[in-house]
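Here is a short report on a sheet and the nonpolar cores. Please look over the sequence and the model first.

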Amino acid sequence: MTENSEKQKLVVIGNGMVGHHFLEQLASHQQAPDFEVTIFCAEPRPAYDRVHLSEYFAGRNAEDLSIGNLEQYRQWGFKILLNDQVVEINREYKAVIAASGISVSYDRLILATGSYPFVPPIPGHKHERCFVYRTVEDLDAIRTVATTAETGVVVGGGLLGLEAANALKTLGLKAHVVEFAPGLMATQLDDGGSKLLRDKIEAMGVDVHTSTATELIEEVDGRLRMYFKGGGNSPPT
């Protein structure tokens with residue numbers, strides 16, 4: 001690019017692990033100076049190691065998990081907008097609009113938004129003491145509530161659900177896992193493997209409830225109670 005050439009505007013939506021890796025690769029590329037880079041991050045901090053998020057309950061802090069660095073982005077010449085989620089992409093005018101009202105035009109657009117937690121549409125799931133397990137802020141909220149709780153219940157017996165159950169135990173709670181399927185990690189394991197895994201999880205002190213469909217979550221006397229298809233309910237959480 002010549003000195004008088006106009007830079008191409010590149011917008012990156014998302015600053016998770018994949019988005020950060022893309023930025024690392026771009027920064028090391030000889031064409032990096034050709035781009036004016038703007039990054040939108042919906043969270044209040046730059047990229048961190050979400051794979052090891054559970055270690056946050058084992059003594060690591062947000063800085064320990066961090067892989068993105070604001071100063072590094074600045075040195076690369078990249079602009080990052082934290083805590084600002086993109087809510088609209090206008091393909092006709094080639095612009096993105098964020099929740100803050102900021103509009104940024106682009107020549108090239110990278111979508112690196114990552115995954116999002118699926119929340120079953122169970123009545124009561126929007127209660128302030130029901131959480132997903134995805135961000136540092138989610139874990140902060142869980143830890144705060146755990147100080148006044150005795151029992152924690154995880155809906156979902158997949159890998160992340162089992163990690164969440166272990167986190168609840170780390171916080172000193174009696175942990176339960178409720179799974180709709182007949183076995184844990186049903187999409188990854190056969191019946192034999194699922195049975196072995198269940199034995200191991202229960203040996204760790206986690207109660208496992210398979211073939212159990214949650215129908216309702218409601219507050220009873222200041223605590224949450226879950227009700228299951230076919231009758232039965234959970235201990236108050």
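Which residues have the most contacts inside the largest nonpolar core?

## Basis

This is a predicted model: local features need pLDDT of at least 70, side-chain atom pairs count only at pLDDT 80 or more, and totals for chains, interfaces and linings use all residues. Residues are numbered from 1 along each chain as its sequence is written, and side-chain values use heavy atoms, with hydrogens and water left out.

## The largest core

Tyr133, Leu162, Leu184 and Ile201 have the most contacts inside this core of 27 residues. A nonpolar core is a set of buried Ala, Val, Leu, Ile, Met, Phe, Trp, Tyr and Cys residues joined through side-chain atoms within 4.5 Å. Buried means under 20% relative accessible area (1.4 Å probe, protein chains only).

Two or more residues each come from H2 (62–65), H4 (136–146), H5 (159–170), E9 (174–178) and H6 (191–203). Helices (H or I, at least four residues) and strands (E, at least two) are DSSP runs, numbered from the N terminus. H5 gives the most, five residues. Domain 1 (8–111) and domain 2 (136–228) both contribute, so the core lies between them. The domain bounds come from an automatic or database assignment.

## A second core

A separate core has 12 residues, including Val12, Leu26, Tyr73 and Ile80.

## The three-stranded sheet

An open sheet runs E4-E5-E6, with antiparallel pairing. Strands pair if DSSP finds at least two bridges between them. E4 (86–90) and E6 (103–105) are the edges; each has a single partner strand, so one side of each lacks a neighbour in the sheet.

Three bridges join E5 (residues 95–98) to E6. Ala95 stands opposite Ser105 in E6.

Conventions
Buried < 20%, exposed > 50% of the residue type's maximum accessible area, 1.4 Å probe, protein only.
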